[in-house]
Amino acid sequence: MKLKRAFLFLLIAILSSLPVQAEIRVDADFPGGNVKVESIDQDANVVCVRPDLRDTPSNYFYFYFRVTGAENRTVTFKFPDKSTNFGAVGPNVSVDGGKTWKYLGEKDYYASGTKFPADQHEFTWTFGPNDSDVRFAFGTPYTQSNWDEFMAQYRAREDVRFETLCRSRLDKRDVELFRVPYLGQGKPRFYLAFTARHHACESSASPVMEGMISFCLSDAPEAQWLRQNAEIVFIPFMDKDGVEDGDQGKNRSPHDHNRDYVQELYPSVKAFKKLIVKESEGIPLVFMDLHAPNIRGGNNEFYYSHGPIEMEKMNPIWNRFRDKLAENQKDGTLKYEPKWDVPGRSDGKYNSIRTFTGKDGNLSSSRVWAQGLPNAYFTNCMEFGYSLCGNATITPVTGRELGRNVMKTLAEILIEDSPKE
Ligand SMILES: [Zn+2]
């Protein structure tokens, strides 16, 4: 009996001295988070997840989740039923709680041009001993905290305004409006409006908008001209709740924010239309809407813009914009190749007026709506690749660089088109 008890104590002592392995946990309980966890096999180190589609009726690819308790394990993440594809450089990984990101396939791509396999629906990650919070995402997440961090440098400036466009769709948050007010006398020559995140998950557009803002507020002569000649507004998050709650946003039911320009289901669309009509009345309007395209392949791996549907009126400006941007961006990290741009059409085919208005004409995108305004001067919709964007990845640095050149290009055109004093 004594021997048995001694053996039992010994066994307990041995077992309790073994390191206890924590349980792998997966969650999306943070701004921008999105995942549906199907299963976690703690013994085999296999996690099955898929994008949480919420009110997106068709398959969509956005996910952003956090893994804790996986230190010292090599874990395979599987997306069953091919529920998502990854971009050309694979899923994005952050080991510092979402502050910095690196695509899983970035090293291979830059070393040999090899892309992450398009038909691969799983990936593996080895967690180090200190990897207590590792995040995985389709693209590079960008939420309110990123915006606040970037805009902090401008808070003290007296020539800008931090305003609110309206309350958000779910009445949970304010929808920001950032204004660079016209400093000249009389009426501005131009009214410039820029929007992003009509489709919540399209985060690669956001660093580009940061770059556009930084150019506007710079000492460059074109920027000074803009501030003396134009009223400029930026709406960084048209679908604010979608961005913060981690929705796909694109194709949300019954229609998404960028098909809402007739029905005005969403307060931000209604408020934006009202603002533009009121403030730009009688002033030539420039409107640019920033997006991200599809997953990968072709022009999805580049920056490209959609040509105007009112082609006769705006094509000459669009073509000048393309030529100048190619010149301004030629030494930039993200290569811009105008051949990827998509010309506008009015014949009912792709990228036509019908694509953006629905077959009954009861839908409309922001760009089609803006083109129809009597004071529309130039309107454009721009797409910035999620992972690869012109042979390099969009990061806060490369996205801002492109954004600065987009704004410089626009300013050059508006300066050319203004009578000289
Ligand atoms: Zn979009």
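**Figure 1. Lys36 is partly exposed, with a relative accessible area of 44%.** (Buried is under 20%, exposed over 50%, partly exposed in between; 1.4 Å probe, protein chains only.) The model is predicted: local features need pLDDT of at least 70, side-chain atom pairs need pLDDT 80 or more, and totals for chains, interfaces and linings use all residues. Residues are numbered from 1 along each chain as its sequence is written, and side-chain values use heavy atoms, with hydrogens and water left out. The side chain of Lys36 forms a salt bridge with that of Asp52, at 3.8 Å from N to O. (Salt bridge: a side-chain nitrogen of Lys or Arg within 4 Å of a carboxyl oxygen of Asp or Glu.) Lys36 sits in strand S2 (residues 36-41) and Asp52 in the loop between strands S3 (46-50) and S4 (64-68), so the pair ties together parts 16 residues apart in sequence. (Helices, H or I of at least four residues, and strands, E of at least two, are DSSP runs numbered from the N terminus.) Asp52 is buried, because its relative accessibility is 14%.

Figure 2. How accessible is Arg252? Its relative accessibility is 2%, so Arg252 counts as buried. Asp55 is partly exposed, with 28%. Both residues belong to a network of salt bridges, which also includes Lys36, Asp52, Arg54, Arg169, Asp239 and Asp247.

**Figure 3. Glu163 and Arg179 bridge two strands through their side chains.** The salt bridge is 2.8 Å from N to O. Glu163 is partly exposed, with a relative accessible area of 29%. Arg179 has a relative accessibility of 9% and counts as buried. Across the whole structure, a search finds 35 salt bridges. Side chains of opposite charge can pair when their charged atoms come close.

**Figure 4. Two histidines and a glutamate coordinate the zinc ion.** The donor atoms are ND1 of His199, two OE atoms of Glu202 and ND1 of His291, at 2.0 to 2.5 Å. (Donors: N, O and S atoms within 2.8 Å of the metal, or 3.2 Å for Na, K and Ca; water is not among the atoms, so sites may look incomplete.) The 4 donor atoms subtend angles of 56 to 147°, so the arrangement is irregular. (Tetrahedral: four donors, all angles between 85 and 135 degrees; square planar with four or octahedral with six: opposite donors over 155 degrees apart, all others between 65 and 115; anything else is irregular.) In sequence, the donor residues follow the spacing H-x2-E-x88-H. Glu202 lies in the loop between strand S12 (190-196) and helix H4 (205-216), and His291 in strand S14 (residues 285-291), 89 residues apart. Glu202 is buried at 2% relative accessibility. His291 is buried too, with 3%.

**Figure 5. Asp417 lies in the segment after helix H11 (396-416).** Asp417 is partly exposed, with a relative accessible area of 27%. Which residues does Asp417 contact, leaving aside neighbours within four places in sequence? They are Arg320 and Tyr377. (Contact: heavy atoms within 4.5 Å.) The C-alpha atom of Asp417 is separated from that of Leu177 by 27 Å, and the two residues are 240 apart along the chain.
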